[in-house]
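I opened this entry to look up the pockets, the cavity and the nonpolar cores, and to note which parts of the chain supply them. The structure goes in here before the notes.

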Amino acid sequence: MHPILGDRRRISLYLAGWIPLGALLTGLLAVAGDSGWRQAGGLAVPLTAVYAFLCLGAWYSCRALPLGRAGLLPAVAAHVATAACPAALWVLLAWGLARLLDRMSLLKGTEELVVGQAPLLFAIGVVLYLLSVTVHYLVVEFEASRDAERRALRSQVETREAQLRALRAQLHPHFLFNSLNSINSMIAGKPEEARRMCVQLGDFLRDSLRSAGLRDIALSDELQLVRRYLGICLLYT
């Protein structure tokens, strides 16, 4: 999915960036076409809004032609050739809208304005599309950077989890051997403490095995394991 369309805030920022472009287009049509500002604005505002969404298609061509892989000059040539299609479609949409406004007597003379300024509209469409290509290349690089950061973070987490599992695998046998040796030494002189250590060791190992396969462990369960571990360690002394 397009990264701009997936976020309302990004859509708002994107459309806000087209507002000054719409005002500039209104001024160009008003001056070049020697028409009124009402005619120029009534045509330029909806055309700018429509073209803003047409230019979102540059995202897919930018992903298909990454600068690092395709090279700068071939990518520029391809995008200049591609820009002619949305620009020509934009001129057709402008003519259709102007014809509709003329037929409905909303803005008289609008169709004549579009016909007279069709080359200017086409040139502006090409420039705006290429500007959109530049913005989308920045978005592509930003998304690639974020994906690389997420992959690096995920790799770090997986590495630390593997290290933790390896450390647990090393600690558990030593801890078990030490506990059994302590129980063996206490059986003759301290049978009650030996019995209590057997119970605590069994509880600790049972809880450890139960939580070993879990990805997330509740804090209360983790504290319970720590208490059982410290209780066994205190019986060593």
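**Second largest pocket.** I am working from a predicted model, and I began with its second largest pocket, which holds about 340 Å³ of space. I listed 16 lining residues for this pocket, and those nearest its centre are Ile4, Leu13, Tyr14, Val135 and Val139. I then asked which helices each supply at least two residues of this lining, and found helix H1 (8-32) and helix H7 (118-189). H7 gives the most to the lining, with eight residues. When I sorted the lining of the second largest pocket by residue class, I got twelve nonpolar, two polar and two charged residues.

**Nonpolar cores.** I next looked up the largest nonpolar core, which has 35 residues, and noted that Tyr51, Trp90 and Leu121 are those with the most contacts inside it. The elements that give two or more residues to this core are H1, helix H2 (37-54), helix H3 (58-64), helix H5 (72-103), helix H6 (110-116) and H7.

**H1.** I checked the length of H1 and found 25 residues that reach 36 Å from the first C-alpha to the last, close to the 36 Å expected at 1.5 Å a residue. Which residues of H1 are buried? I noted Tyr14, Trp18, Gly22, Leu25, Thr26, Gly27, Leu29 and Ala30. In this list I keep in mind that an α-helix has 3.6 residues a turn, so residues three or four places apart point the same way.

**H2.** I repeated the check on H2, which has 18 residues and reaches 25 Å from its first C-alpha to its last, close to the 26 Å expected at 1.5 Å a residue. The buried residues that I listed for H2 are Gln39, Ala40, Gly41, Leu43, Ala44, Leu47, Thr48, Tyr51 and Ala52.

**Cavity.** How many cavities of 30 Å³ or more does a search of the whole structure find? I found one, and about 30 Å³ of space lies in the largest cavity. The residues that line this cavity are Trp18, Leu21, Leu25, Thr48, Tyr51, Trp90 and Leu128. H1 and H2 each supply at least two residues of that lining, and the largest share, three residues, comes from H1.

**Whole chain.** Last, I looked at the chain as a whole, where the secondary structure comes to nine helices and zero strands. Buried residues make up 31% of the 237 residues. Of the contacts with a separation of 6 or more, 70% are accounted for by residues 24 or more positions apart.

Key. Residues are numbered from 1 along each chain as its sequence is written. This is a predicted model: local features need pLDDT of at least 70, side-chain atom pairs count only at pLDDT 80 or more; totals for chains, interfaces and linings use all residues. Side-chain values use heavy atoms; hydrogens and water are left out. On a 1 Å grid over the protein atoms alone, a cavity is a set of points where a 1.4 Å probe fits but cannot get out, and a pocket is an open set with protein on both sides within 12 Å along at least five of seven lines; lining residues have an atom within 4 Å of a point. Grid points are joined across faces, edges and corners, and a volume is the space filled by probe spheres set on the points. Helices (H or I, at least four residues) and strands (E, at least two) are DSSP runs, numbered from the N terminus. Ala, Val, Leu, Ile, Met, Phe, Trp, Tyr, Cys and Pro count as nonpolar, Asp, Glu, Lys and Arg as charged, and the others, Gly among them, as polar. A nonpolar core is a set of buried Ala, Val, Leu, Ile, Met, Phe, Trp, Tyr and Cys residues joined through side-chain atoms within 4.5 Å. Buried means under 20% relative accessible area, exposed over 50%, partly exposed in between (1.4 Å probe, protein chains only). The expected span of a helix is 1.5 Å times one less than its number of residues. Contact means heavy atoms within 4.5 Å.
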